[in-house]
Amino acid sequence: MIKKLNTLADWLGERLPELIAEHRVPGAVIGVYANGEHLERAAGVLNTRTGVPVTTDSLFQIGSVSKVWTATLALQLVEDGKLDLDLPVRAYLPEFRSADESALITTRRLLCHTAGFEGDRFTDTGRGDDAIARYVELLSGAPQLFEPGELFSYNNAGYVVIGRIIEILRGKPYIQCLREHLIRPLGLAHTATDAEEAILHRAAVGHFPSGPEGSPHPAGLWALPRSLSPAGSALTMSARDLLIFARGRLSDGGGVLGAETIRAMRTEHVRVSPVTAHGDAWALGWEIFHVDGHTIYGHNGDTIGQSAFLRLLPERDIAVALLTNGGQGVPLHHKLFGHVLRELAGIGLPALPVPSPGTIDASRYLGSYGNSITDITISQDDDGTIWAEQAPTGEYTGSVPPQRFQLLPYHGDTLITAQPNQGIHRMQNFVGDDGHGRARFLHDGRALPRRSATASASSSSTVR
């Protein structure tokens with residue numbers, strides 16, 4: 001294994017600078033752990049405005065990879081006998097109420113993204129220790145889109161609710177729980193929970209494309225609100241610190257979880273039937289990828305112009321982490337992780353999805369879908385061309401220009417964008433039946449209901 005890691009280190013040292021240039025990524029760090037050995041390689045700059053180079057101890061935001069940390073804090077409470085994943089959330093948060101008494105939302109369903117209420121809410125409730133509590137109070141009006149347990153739908157707000165449960169049961173703010181129950185016990189020296197801590201290190205700045213060539217420029221905002229900390233706005237770290245955390249999820253828990261809990265945390269709970277950017281199944285905080293006869297666990301994270309990728313292969317004691325600050329992170333991680341897993345474990349990743357030739361009857365897909373922050377309208381020209389028009393809505397109206405993109409067949413009830421965005425073609429799944437022969441949801445990882453269904457849900461069903 002050491003020989004393989006040495007060969008891999010040479011390849012990464014040579015190819016990482018070339019690949020980040022190819023994918024317009026300003027800077028990146030990749031870390032690999034295998035059978036007790038680590039390697040890291042860095043390339044590019046932390047900020048295109050300053051030109052400060054990326055080093056292996058540089059800090060990047062890990063975004064939604066933080067959800068695995070939140071899940072770990074929750075499972076610690078299960079081990080302590082303080083949390084039952086199958087009790088209603090209201091057993092711990094009595095204020096988490098609903099007009100629909102049949103909507104049984106448990107912590108387990110929050111962990112698996114099957115709670116069924118609208119979760120794309122990014123309300124800033126301030127920087128105080130009450131930020132999460134105030135955010136959860138505002139969820140009383142979030143529409144219940146489907147019965148809990150019926151469907152997978154990625155839910156950021158659900159993880160904020162888990163964070164609030166952790167606060168209640170620990171009697172301290174979520175950020176303090178992170179520090180006292182994970183960061184310090186794991187001995188993480190290059191991890192920050194906010195901008196004030198991150199600035200003490202070599203911290204990356206997110207970037208967005210600009211100009212005709214899509215050259216990256218620094219984002220105007222560094223982080224998402226503190227209210228979203230349990231979902232992924234707080235944690236910033238080096239690739240090595242992320243791997244130290246990940247290594248404890250491979251077998252013995254690293255002293256913060258028992259081995260039995262580690263196995264329970266990786267148990268598959270729901271299959272993701274629509275084709276999405278997520279894995280094909282979900283466990284307690286983990287995405288699951290069934291690849292080439294092997295089971296890989298992981299999570300991706302996107303924040304303001306930064307992307308993170310983490311994968312674990314427990315059967316081979318392997319973990320891989322990639323941290324980036326803009327550009328085409330998904331195809332970059334696919335090339336890098338594909339090479340690493342092929343070299344260390346003989347596993348070949350499937351190709352990224354591309355359109356399939358052909359024509360389809362799109363009549364059941366046509367119409368408008370959306371939630372409180374976005375609206376997507378599917379239409380079809382006389383010549384059969386299918387279009388999607390997407391625009392922000394509600395308080396986000398006018399925040400970004402509307403987009404119009406062509407959709408082509410992919411497989412079954414899944415369409416795919418004709419042109420790639422940030423290096424990948426994005427899939428649009430049409431799920432269920434609204435009772436009139438039309439799709440009930442447009443599912444792109446999140447279930448967006450038909451607009452007529454949204455109005456009904458908003459008036460008759462809220463979160464319990």
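Me: What should I know before I start, and how are residues numbered?
Reply: Residues count from 1 along each chain as its sequence is written, and side-chain values use heavy atoms, leaving out hydrogens and water. The model is predicted, so local features need pLDDT of at least 70 and side-chain atom pairs pLDDT 80 or more, while totals for chains, interfaces and linings use all residues.

Me: What is the strand order in the open sheet of 8 strands?
Reply: Strands (E, at least two residues) and helices (H or I, at least four) are DSSP runs, numbered from the N terminus. Two strands pair if DSSP finds at least two bridges between them. Here the order is β2-β1-β13-β12-β11-β10-β9-β8, with antiparallel pairing. β2 (37-44) and β8 (270-271) are at the edges. Each has a single partner strand, so one side of each lacks a neighbour in the sheet.

Me: How many bridges join β1 to β13?
Reply: There are 7, and the two strands run antiparallel. Val32 stands opposite Val320 in β13. β1 also pairs with β2, over 8 bridges. There, Ile30 faces Arg41 in β2. β1 and β2 form a hairpin with 2 residues between them. Asn35, in the turn, has a positive phi of about 50°.

Me: Which residues of β1 are on each side?
Reply: In a regular strand, side chains alternate between the two faces of the sheet. In β1, Gly27, Val29, Gly31 and Tyr33 are on one side. Ala28, Ile30, Val32 and Ala34 are on the other. Both faces are covered. Buried means under 20% relative accessible area, exposed over 50%, and partly exposed in between (1.4 Å probe, protein chains only). 8 of the 8 residues of β1 are buried, so the strand is largely enclosed by the rest of the structure.

Me: How many salt bridges does the structure hold?
Reply: Side chains of opposite charge can pair when their charged atoms come close. The cut-off is a side-chain nitrogen of Lys or Arg within 4 Å of a carboxyl oxygen of Asp or Glu. The structure holds 19 salt bridges. One of them joins Glu196 and Arg127 (2.2 Å, N to O). Glu196 lies in helix α7 and Arg127 in the loop between α3 and α4, so the pair ties together parts 69 residues apart in sequence.

Me: Is Arg127 buried or exposed?
Reply: Arg127 counts as exposed, at 62% relative accessibility. Glu196 is partly exposed, at 44%.
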